[in-house]
Amino acid sequence: MKNNIKVIITGSSGFLGKKLFDKFYRNKNYKVYKFNKSNGQDLRNYSKSNSYIKKINPDLIIHCAAYVGGIQFVKKNAVKVFEDNMKMSLNITKIVATNKIKKFINIMPNCAYPSKYDKYFEDNWWDGKIHESVLVYGMSRKIIETACFAFQQKYSFQSLHLVLPNLYGPGDHFSPIRSHALGGIITKIVDAKINDIPKVEIWGSGKPIREWLYIDDAAEIILKIAKKNNFLKNNEIINIGTDQGISIKNLSEKIRKISKYKGKLIYNKKMIDGSKIKILSSVKIKKYYNWSPKTKLDNGLLKTIKYYLKIKDK
């Protein structure tokens, strides 16, 4: 592998983007560049984004930028979520293609899969509708695969779409509205324990099953994939899956046990559940890269809870 491979990470101030930036920064083979609004870049603005990326002329772009939150956040902000992500999706694809950037890794959410399946296999990517509760976000991100296909009819570049489950770990969002379920549940339960609150409300029935991947495990496999000179197939979908899920109720009980909270958990069934089950198949990622995550859920939860306790009053 040659040295000084130039990498741009969009959304580099976000949860995954920040972790990826750190991983690449520590690797002597890469020269990594930030791309985020706090650093002056806004992917919704095509002209300014194109000028910035063209000047750097990277070998690889990893696209993590997104405007998203929990299921209630997406519901309340549907138009902005759809518009902002559509702009970013089309702009980044056009910039990659027209600037002849060799490799493009696009990070996809698992909610872009058809909701009718209990387990998501890559061959079923287009076989059905996205769940209504996440349609505006899922489709505005899913469109990147089609955009790459379109631009590859005219331009030569390699694209790869990595579908991730829900991520968690130190550095995550803990706002009940902006976070995924895990971060919000940690916030509620830990705060209730500290403040001697006798019960905690968990949104939804607790029945939906979700898959969770520790942030360091996600960043490590993305770095491993990026090291390959060429992708095995162009514009391919690959799940970064664990093949395992846990119900929101059982997840909440784990968090309660680790936090040593003695109060009651009350499930508010008036709140949206979303899809009944979301689990990614890991067959392809194991076959291609011999990968499985290192961090067990209980250990990851413990680290995440300790992190939240450390930063909660800052």
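Analyst: Strand pairing is read from bridges, two strands being paired if DSSP finds at least two bridges between them. Here, Ile8 has Ile61 of strand E3 as its bridge partner. Strands E1 (residues 5-10) and E3 run parallel and are joined by 4 bridges. Strands (E, at least two residues) and helices (H or I, at least four) are DSSP runs, numbered from the N terminus. This is a predicted model, in which local features need pLDDT of at least 70 and side-chain atom pairs count only at pLDDT 80 or more, whereas totals for chains, interfaces and linings use all residues. Residues are numbered from 1 along each chain as its sequence is written, and side-chain values use heavy atoms, leaving out hydrogens and water.

User: In which sense do E3 and strand E4 pair?

Analyst: E3 pairs with E4 (residues 103-109) in the parallel sense, over 4 bridges. His63 has Asn106 of E4 as its bridge partner.

User: Which way do the side chains of E3 point, and are they buried or exposed?

Analyst: Buried means under 20% relative accessible area, exposed over 50%, and partly exposed in between (1.4 Å probe, protein chains only). From E3 (residues 60-63), Leu60 and Ile62 point one way, while Ile61 and His63 point the other way; all are buried.

User: How many salt bridges does the structure hold?

Analyst: Side chains of opposite charge can pair when their charged atoms come close. With a salt bridge taken as a side-chain nitrogen of Lys or Arg within 4 Å of a carboxyl oxygen of Asp or Glu, the structure holds 13. In one of them, the closest N and O atoms of Arg44 and Asp42 are 2.8 Å apart. Arg44 is partly exposed because its relative accessible area is 28%, and Asp42 is partly exposed at 23%. Both residues belong to a salt-bridge network that also includes Lys80 and Asp84.

User: Where in the chain do Lys284 and Glu236 lie?

Analyst: Lys284 forms a salt bridge with Glu236, with 3.0 Å between the closest N and O atoms. This pair links distant parts of the chain, 48 residues apart: Lys284 is in helix H9 (residues 283-289) and Glu236 in strand E10 (residues 236-239). Lys284 is buried, at 17% relative accessible area, and Glu236 is buried at 8%.

User: Which parts of the chain does the pair of Lys254 and Asp298 tie together?

Analyst: Their side chains meet in a salt bridge of 2.7 Å, N to O. Lys254 is in helix H8 (residues 248-259) and Asp298 in helix H10 (residues 297-311), so the pair ties together parts 44 residues apart in sequence. Lys254 counts as partly exposed at 28% relative accessibility, as does Asp298 at 41%.
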